[in-house]
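Please work through the following exercises with the sequence and the structure at hand.

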Amino acid sequence: MYQRFELSEQDRQTIVNGVSCATLLENHHFLLVLEKSTKRCFKYRKGDEHIIVNHGGKGWWDAQRPRGTPDSSGDVFALCRRLDPEMKWREVCSTLGALVGVEPKGAAYVAQKVARTDERSPAERWAARKSLYRGGKVWNYLIGERCLPEAIVRAAVAKGCLRDGYHAAWFAHTDEQGAVCGAELRGPDTHICLGGTVKTLFRFQPGSVQPVRRLVICEAAIDALSFAALDQAYVPGTLYASTAGGMGPETIAAIQTHLATMKALPEAVLVVATDDDDAGNAFADTLYRLADDAGVDFTRRLPPDRAKDFNQTLKNRAQAA
């Protein structure tokens with residue numbers, strides 16, 4: 001006689017509390033991105049997929065999918081079905097039940113990381129950084145390795161959105177009042193955000209300050225500066241911005257604030273300049289929706305040589321010269 005399989009609420013809670021989403025990801029060959037993980041937030045990667053584990057392992061979200069869309073976030077049950085769509089409900093429960101109490105290797109590693117000793121706010125740490133100087137390590141990295149034109153680097157320094165972190169360039173993220181609330185750190189061996197950063201937007205507006213009527217959004221600050229260097233359609237009021245590779249609520253709110261102001265300006269446009277890959281396309285879809293909701297025109301710009309991003313285009317041109 002057929003008997004429907006049912007999971008009691010108590011057993012469900014036992015699984016949710018006892019099975020870390022990180023364990024499930026590791027069992028599906030996702031790798032922990034060590035330099036971007038903290039005790040509260042584990043970042044896992046498998047190919048082009050990026051999944052963030054939070055809430056003490058009880059929750060997860062896909063950094064490349066718009067919030068609220070199917071398979072973009074959830075608990076360990078939702079993650080199991082995301083990873084194995086063909087699994088039946090009984091198999092999902094059985095698989096997860098066998099993992100109760102199994103400690104993810106990534107969590108154990110991150111728990112052993114030395115705690116950050118600098119407890120100053122991002123704004124305080126930013127204020128302590130010096131300006132870039134010609135011939136310095138960061139200067140040579142940006143102009144030599146990243147192939148940014150000297151004029152663009154000098155302009156970013158003059159605008160106060162770029163500073164020298166000795167081992168890495170610091171790109172400021174600011175709030176609506178222009179106060180620094182975080183920084184992207186990029187160097188030969190550094191690809192992180194400053195501890196305590198609230199990701200909003202990196203913002204670079206060359207020339208005199210004017211109302212933003214052309215907003216260019218890239219994924220990384222170096223890409224935003226690269227786009228500025230390549231931009232043949234520059235008009236006064238252009239703002240080059242980056243999201244630091246994420247679209248959290250603070251970033252979305254910052255973009256929406258710009259779009260709300262732009263709506264009243266003639267010929268206002270959002271230029272989507274995310275990477276030419278699956279992740280970049282996912283970010284672009286989110287930006288299209290934000291512009292459409294705000295009633296602002298939008299367009300997509302891809303690297304002219306179909307490189308992965310605009311900085312790669314600069315490097316390709318330098319290599320071919």
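This is a predicted model: local features need pLDDT of at least 70, side-chain atom pairs count only at pLDDT 80 or more; totals for chains, interfaces and linings use all residues.

Residues are numbered from 1 along each chain as its sequence is written, and side-chain values use heavy atoms, with hydrogens and water left out.

**Exercise 1.** Determine which residues of helix α10 are buried (under 20% relative accessible area, 1.4 Å probe, protein chains only), and on which side of α10 they lie.

*Solution.* Helices are DSSP runs of H or I with at least four residues, and strands are runs of E with at least two, numbered from the N terminus. In α10, the buried residues are Thr-251, Ile-252, Ala-254, Ile-255, His-258, Leu-259 and Met-262. They are on the same side of α10, because they cover an arc of only 160° around the axis, taken from the directions from the helix axis to the C-beta atoms. Pro-249 and Ala-260, which are exposed (over 50%), lie on the face turned away from that buried side.

**Exercise 2.** Classify the pair formed by the rings of Phe-171 and Phe-202.

*Solution.* Rings of Phe, Tyr and Trp (its six-membered ring) pair if their centres lie within 6.5 Å; planes under 30 degrees apart count as stacked, over 60 as edge-to-face and the rest as tilted. Here the centres are 5.6 Å apart and the planes at 90°, so the pair is edge-to-face. Phe-171 belongs to strand β7 and Phe-202 to strand β10, 31 residues apart.

**Exercise 3.** Classify the pair of Phe-227 and Tyr-240.

*Solution.* With 6.1 Å centre to centre and 50° between the planes, this pair is tilted. Both Phe-227 and Tyr-240 are buried.
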